[in-house]
Amino acid sequence: MHLEKQKHDFEPKIIAFVCTWCTYAGADLAGTSRMQYPANVRVVKFPCTGRIDPVFILKAFQQGADGVLVSGCHPGDCHYIAGNFHARRRFAAFRKLMEFIGVDLSRIQFSWVSAAEGGKWVEVVTDLTERVRALGPMVEFKELALEEQWSGNLNNPELQAVYEAM
Amino acid sequence: MQKQITEANFRLLLDSLLLKGQRVVGPRRTAGTVLYEPLSSASDLVMDELPRRSAKEAFFPVCEDLLEYRKEGQQVQVTDITPDRFPETVLIGIRPCDAAAVPVLDAVFSWDYNDQFFLERRKKTTIIGLACTQANDACFCTAVGLSPSDPKGTDLMFTPLEGGGFLATPHSDKGEAFLATWQDRFSEPDGSTPLPSAQPAATPFDLKKIKAWLDEHFEDAAWDSIAVRCVGCGACAFVCPACHCFDIVDEGTEKTGKRRKFWDACGFWKFTHHASGHNPRDLQPKRYRNRIMHKFKYYDDKFGQTLCTGCGRCIRICPVGIDIFDILQDTENKG
Amino acid sequence: MTQTIDISRYSALTEAIRTEARRILSDGTVSAVIGYTSGRRTGAVQPIVITAADDADKLLFTAACVNNLAVYLTKAKKDVPKRGRIAVVLKGCDLKALVGLIGESQLKREDLYLIGIPCSGVLGSVLKPDQELTTATIASKCCECTDRLPQGCDFVPAVDLPSPVPLEQRYAAEIARLEAMTPSERWEYWKEQFSKCIKCYACRQVCPFCFCEQCLCDRNRPQMVEQSPRPSGNTAWHIMRAMHLAGRCAGCGECERACPMDIPLNLLNRKMAKELKELFGTEAGFEVQDKGPLTSFKEDDDQSFIR
């Protein structure tokens, strides 16, 4: 089944942090099965979700990601036995922190995708991509990166305009 | 020559400056804390509280860009920050302890290298001081050769008058020029008495005696007991009007980024950490020793000045209650 | 209506601490006592390490004794002498942090002599140390304290605490206020707060749990968190510190108290503590836990947020 390739104004950047043994293999299966899904996702391969430090998710947003997907083995199937159990707790905590800071949680998706679940990979990626597309670009971090402490602010047209408006 | 200005005219003057598009920086309450920040109206100005940080950031920003780089294919584009981008600024309500630090910073930023980022900002700034009528138990400007009404470092000094208003005394060409430009806001002094100056309960130190002890006691067990409680943060250096150490880092990706200069502190463990892994100041007493040495010996050796204006911020802000006045007093008694 | 907090018992606490310190130093039970002593300014207090029994009279306990002395026991503070057994004066909140450190194998209980202090509260800020302890000046952490009487210590002065005065649960109220906001309102709130940060790292340096030999933020290979004191780097720093403390932070509130820019840092830590208690049923206390909530797991942990 081929999906029509639509032209969109906004192509979200989705970073997917995945584990080697399950989700990456599942994504691979989706590929070899010639399943079509949005090409917006950039996959970063980790040995295990247990290796995924929350700082990577934060850094992804700072570097321009509009949405982040974190995916690994189902609980009980971890190649390293317990990595995903630790990750599950860590991400539960990190989600709460992100929410408290004011990040829209619908931009962050966690999933368990096994090596056999090529179809699920496609579903998860497509749903996240379309959800983030509807939300628009993630401007918060980009705008934050442009802010300077007042003393480092240079004389620029924006500053002039502010004074003119007073 | 001296002039006088009423409270009302002072507010009008500030609003006029702002309307002209002039950046006016003064003590302002921001998210609950009083800091020297750009005002958006005369009513922002806070005159009865010492700002938590000093005014040095007007010339020596907390964080500033030095250049920007961009890589396109094999070409690298480097864009320098040029001085024409620094805005003209009027610093208002600057306390004597903050203003006196400016000539002290001038010396180091035009020593072996003219730091254009500092000097150009300095050129574009007019400093209007405000004499202090209150002090608290952490203030000790009088102990380091200054006073709550010392005009050192100011272009124009405002002294509060009984009955309101200020006496405006110019101390530089810039100050004279400011008075001339805004002469319709000012009037001739009418003989009103200035409010009594603040009286910090700090008797002058014999700074030479303190330096003499420091000259001879680089290795001394006293440093261990003085600094054992220091936790190695940069709070004292960052709130200090005279501390001026900085770090330069490149931040960005391989494609694009900026070179930034921002405050650094000798209290950090990383300050003297070498690329080899060796750290000559590997323990906190050595790092704290450097703070005292730099302020009361090294700076005097190089520039004939003390790197401290007695504002007392480090005493108030230290998370572990280290009191530099106490340390200096003990050192003076030892000598 | 501001009420004064009764700290008349604190002078009895001071006497008890001095007597005990004199005793354990004279008979060699400990080689040093880490406690509080007075500073030069009226009401000012600073940490002190005494090694001689004669110095015991320098110790005291007042409402300005805000420091968490457990920080001096960690491996991050290499200059504090750690020969033999060390005594340390601890309030309930400080003790919870120390218990956490023991749980993380940073300290050995047998190397310590714990002097626990029954506490009615301390000041929220010592910028002006000469202040009365009232319902307005008391630290926010004290408002929610249920651990006024330290447990499991080697010595606790036999001083009765007056009944606690009802206090407004400031952290709970503020967390609720923020939780009720929209995400973009919260983002604006934290942006304003983090813009004040100057990366002095006072928060990190006073924290007993920030004992890493090299902090994440001090690394540039790789650089995960910018070093520069700009809103962007500051936000990343505070998010990651809150994450690294999640499940460990005992709520001593020193980070917030030490911050020269009045950033409400403990709000983040209290929020995380609340969430972890709801999610995993654990919180910092007086019992040593082998594993914290984020270094352990249960097979049936909540995964409702995982697709």
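User: Let's start with α9(C): which residues in α9(C) are buried?

Analyst: Keep in mind that we're looking at a predicted model. Counting a residue as buried takes 20 or more other C-beta atoms within 10 Å of its own. In α9(C), the ones that make it are Leu265(C), Asn266(C), Leu267(C), Leu268(C), Asn269(C), Arg270(C), Lys271(C), Met272(C), Ala273(C), Glu275(C), Leu276(C) and Phe280(C).

User: So is α9(C) enclosed by the rest of the structure, and how many of the 16 residues are buried?

Analyst: Helix α9 of chain C covers residues 265–280. It's largely enclosed by the rest of the structure, because the buried ones number 12 of the 16 residues.

User: What covers the buried residues of α9(C)?

Analyst: The cover includes pieces from two chains. Chain A contributes α3. From chain C come α3 (140–143), α4 (170–179), α6 (202–206), α7 and α8 (254–258).

User: How far does α9(C) reach from its first C-alpha to its last?

Analyst: At 1.5 Å a residue, the expected reach for its 16 residues is 22 Å. The model comes out close to that, at 23 Å.

User: Which residues of α7(C) does α3(A) meet?

Analyst: On the α3(A) side you'll find Phe94(A), Leu97(A) and Ile101(A). The residues of this contact split into 6 nonpolar, no polar and no charged. Across from them in α7(C) are Ile239(C), Ala242(C) and Met243(C).

User: Zooming out, how many residues of chain A are in contact with chain C, and which element of chain A gives the largest share?

Analyst: The contact pairs 34 residues of chain A with 37 residues of chain C. On the chain A side, α2 (54–62), α3, β4 (108–112) and α5 (139–146) each supply at least two residues. By class, that side has 18 nonpolar, 6 polar and 10 charged residues. The largest share, 13 residues, comes from α3(A).

User: How does chain A meet chain B, and how many residues come from chain B?

Analyst: Chain A puts 11 residues into that contact, divided into 5 nonpolar, 5 polar and 1 charged. From chain B, the count is 17 residues.

User: Back to α7(C): is Pro231(C) buried or exposed?

Analyst: Pro231(C) lies in helix α7 (residues 231–245) of chain C. Beyond its neighbours within four places in sequence, it is in contact with Leu144(A), Glu147(A), Lys191(C), Phe194(C) and Ser195(C). Lys191(C) is 40 residues away in sequence but 6.8 Å away in space, C-alpha to C-alpha. Because 23 other C-beta atoms lie within 10 Å, Pro231(C) is buried.

User: What about Asp48(B), buried or exposed?

Analyst: Asp48(B) is in the loop between β3 (33–38) and β4 (63–72) of chain B. Gly93(B) is 45 residues away in sequence and 9.8 Å away, C-alpha to C-alpha. The cut-off for exposed is 12 or fewer C-beta neighbours. Asp48(B) has 8 inside 10 Å, so it counts as exposed.

User: What radius of gyration does chain C have?

Analyst: Chain C is built from 9 helices and 4 strands. The globule rule gives 19 Å for 307 residues, and chain C is close to that, so it is as compact as a globular protein of that length; its radius of gyration is 20 Å.

User: And what radius of gyration does chain B have?

Analyst: Chain B has 11 helices and 11 strands, and 49% of its 335 residues are buried. Its C-alpha atoms fill a box of roughly 65 × 65 × 35 Å along the principal axes. A compact globule of 335 residues would come near 20 Å, which agrees with the chain B value of 21 Å.

Technical notes: Residues numbered from 1 in each chain as written. Chains lettered and ligands numbered in written order. Predicted model: local features only at pLDDT ≥ 70, side-chain atom pairs only at ≥ 80, totals over all residues. Contact = placed C-beta atoms within 7 Å. Rg over C-alpha atoms; globule rule 2.2 N^0.38 Å. Nonpolar A, V, L, I, M, F, W, Y, C, P; charged D, E, K, R; others polar. Expected span 1.5 Å × (residues − 1).
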